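Good morning, everyone. Please look at the screen, and I will take you through one chain.

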Amino acid sequence: MKTKNYNCFMAGAKVFIDYDETKNIEDVKVGDKLLTHDRKHGSIVLEKHVYEINDTILMYDYADFKVTGDHPLWLDGAWVKSEDSEHVTGKDMHVDKLYNIKTSNHFYIEGVGAHGDSIINRNEE
């Protein structure tokens, strides 16, 4: 089993483009404008990363999407690693690909804010 932390989402996770419009994370492109984690501002996709995994890794279920344990989510007014949240459950599963996007500001995915950079600052808003 792979142990590398990817800070990513599985295909099918819905990223909000606007209040009532979503796009699957695998369909997001550099330059797309997304809704931010606070649902008030716009964020531009600066980079998109696709990782070929083809292995069994630990993934966490949150609502309707699956995320790696180190990816920061905006929960209860603070940035929290998904694996540290009481709202998620982890399990080993086979993963073909993982997706991540770097944004000018954070982004909104499946009803929760997601950090748009690889560095976590738990006190940042």
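Let me start with a term. A nonpolar core is a set of buried Ala, Val, Leu, Ile, Met, Phe, Trp, Tyr and Cys residues, joined through side-chain atoms within 4.5 Å. Keep that in mind. One caution before we use it: this is a predicted model.

So, how many residues does the largest nonpolar core have? It has 20. Four residues have the most contacts inside this core: Phe9, Phe65, Phe107 and Ile109. Which strands each supply at least two of the core residues? Strand 4, strand 5, strand 6, strand 8, strand 9 and strand 10 do. Strand 4 covers 42-62, and strand 8 covers 89-103. The largest share comes from strand 4, with three residues.

Leave out residues up to four places away in sequence, and look at what Phe9 touches. Among its contacts are Ile25, Phe65, Val67, Leu73, Phe107 and Ile109. The list also includes Lys66 and His71. Phe9 belongs to an aromatic cluster too, together with Tyr62, Phe65 and Phe107.

Staying with rings: the structure holds five aromatic pairs. Take Trp74 and Trp79. Their ring centres are 5.1 Å apart. Their planes meet at 65°, so this pair is edge-to-face. The cut-off for that label is over 60 degrees. Are these two buried or exposed? Both Trp74 and Trp79 are buried.

Now step back to the whole chain. What are its elements? There are ten strands and zero helices. Read from the N terminus, the order is β-β-β-β-β-β-β-β-β-β. The chain has 125 residues, and 43% of them count as buried. Next, take the contacts between residues at least 6 apart in sequence. Of these, 65% join residues at least 24 apart.

Here is one pairing up close. Strand 1 is residues 14-18, and strand 2 is residues 21-24. They pair in the antiparallel sense, over four bridges. A hairpin of two residues joins strand 1 to strand 2. Asp18 stands opposite Glu21 in strand 2. Lys14 has Asn24 in strand 2 as its bridge partner.

Next, some loops. Find Asp32, in the loop between strand 2 and strand 3. Why does Asp32 count as buried? Its relative accessible area is 18%, and buried means under 20%. What does its side chain contact? The side chain of Asp32 makes a polar contact with the side chain of Lys23, at 2.9 Å. Beyond four places in sequence, Asp32 touches Lys23, Asp27, Ser43, Ile44 and Val45.

His106 is another loop residue, between strand 8 and strand 9. His106 is buried, with a relative accessible area of 5%. Now look for Asp38. Along the chain, Asp38 and His106 are 68 residues apart. In the model, their C-alpha atoms are separated by 8.5 Å.

Asp76 has a phi near 55°, a positive value in a residue other than glycine. Asp76 sits in the loop between strand 6 and strand 7. At 70% relative accessibility, Asp76 counts as exposed. Glu110 also is not a glycine, and its phi is positive, about 50°. Glu110 lies in the loop between strand 9 and strand 10. Is Glu110 buried or exposed? Glu110 is buried, with a relative accessible area of 18%.

Last point: confidence. The chain averages a pLDDT of 84. A score of at least 70 is reached by 90% of the residues. Where does pLDDT stay under 50? That happens over residues 119-125. For this stretch the model has 19 contacts beyond four places in sequence. Where pLDDT is low, the predicted coordinates should not be read in detail.

To recap: ten strands and zero helices, a largest nonpolar core of 20 residues, and a stretch at 119-125 with pLDDT under 50. Thank you.

How values were computed. Residues numbered from 1 in each chain as written. Predicted model: local features only at pLDDT ≥ 70, side-chain atom pairs only at ≥ 80, totals over all residues. Heavy atoms only, no water. Pairing = 2+ DSSP bridges. Buried < 20%, exposed > 50% of the residue type's maximum accessible area, 1.4 Å probe, protein only. Contact = heavy atoms within 4.5 Å. Polar contact = N/O pair within 3.5 Å; in protein donor to acceptor, adjacent residues only side chain to side chain. pLDDT = per-residue confidence, 0-100. Phe/Tyr/Trp six-rings, centres within 6.5 Å; stacked < 30°, edge-to-face > 60°.
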